[in-house]
Amino acid sequence: WGVIVTIDGNAASGKSSVSGGVARALGIPYVSSGLLYRAATRLGLEAGLDLERAEALLAHLQKVPLRLEPLAGGNRVWTGERDLTGELHQSAVDAGVSVVASHPEIRAWVDAQLRALTPPFVAEGRDMGTNVFPHAQAKFYLTASPRVRAERRAAERPEDVDAIEAALKERDHRDRLQSAPAPGARVIDTGPLTLDEVIAEILRGVEE
Ligand code: ADP
Ligand code: CDP
């Protein structure tokens, strides 16, 4: 049963919470591609690198052993013995990650790590259904208005909702080239739904 389910969507649309719920229900892991872009960004910032310069960043990433641990309960990223996960949702990382993700060399570095994983799994991000796993058996794309997404994220971060909404819109704009529903993907507006309703709708779609 080498099934791959892809769940793409824009920033704070609910991808990781929904993917976790779907993965637990199916008894398989989920894979957060965004965490690898975030880890690349965090390591680049730490090393004092210019995030606009892909070559130096990639050279740095190839020196540090990075490992994505795709558990159903939540993904973790390690560099050797160090667990980076807790540092990947800082505002500085949010602000830099779309620049890092715009470099084709960095995208290839992330894609290679994802394609090396053994199915079954749920993969979530921006381009899982379009680019990385075009042969996935079931594809979904989550959306919600910027306000709804900002309110959800404001419940998890210290910043105020207007600042978060502005930052989300900026990131949506920068991510627009790699963030679109895959052909055949079921698009779900999560705005009027609860988390459990979104998970249930996806599970129904997977069974069809
Ligand atoms: P993403 O991975 O797309 O950034 P997250 O899953 O990290 O999104 O964040 C979404 C947040 O919104 C979580 O705290 C989640 O519990 C909450 N949430 C509330 N309602 C919903 C819903 N209907 N669908 C998805 N997430 C929801
Ligand atoms: O959770 P949130 O949607 O805020 O972010 P994420 O999924 O962790 O992704 C962080 C960033 O990584 C996005 O804003 C994109 O710039 C990039 N990304 C990407 O380009 N392609 C992916 N498949 C996943 C993430």
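The shell around ligand 2 divides into six nonpolar, five polar and eight charged residues; Ala, Val, Leu, Ile, Met, Phe, Trp, Tyr, Cys and Pro count as nonpolar, Asp, Glu, Lys and Arg as charged, and the others, Gly among them, as polar. This is a predicted model, in which local features need pLDDT of at least 70 and side-chain atom pairs count only at pLDDT 80 or more, while totals for chains, interfaces and linings use all residues. Residues are numbered from 1 along each chain as its sequence is written, chains are lettered from A and ligands numbered from 1 in the order in which they are written, and side-chain values use heavy atoms, with hydrogens and water left out.

In total, 19 residues surround ligand 2, each with a heavy atom within 4 Å of the molecule. The closest are Lys15, Arg38, Arg153, Arg171 and Asp175. Helix 2 contributes the most to this shell, with four residues; helices here are DSSP runs (H or I, at least four residues), numbered from the N terminus. A polar side-chain atom of Lys15 lies 2.7 Å from an oxygen atom of ligand 2, and one of Arg107 lies 2.8 Å from an oxygen atom of ligand 2.

Ligand 1 is surrounded by 16 residues, of which five are nonpolar, seven polar and four charged. Helix 1 gives the most to the shell around ligand 1, with four residues. A polar side-chain atom of Glu156 is 2.7 Å from an oxygen atom of ligand 1. For Ala12, a backbone N or O atom lies 3.1 Å from an oxygen atom of ligand 1, and a polar backbone atom lies 3.4 Å from an oxygen atom of ligand 2.

Notes: A polar contact is a pair of N or O atoms within 3.5 Å; within protein, one must be able to donate a hydrogen and the other to accept it, and residues adjacent in sequence count only if both atoms are side-chain atoms. Helices (H or I, at least four residues) and strands (E, at least two) are DSSP runs, numbered from the N terminus.
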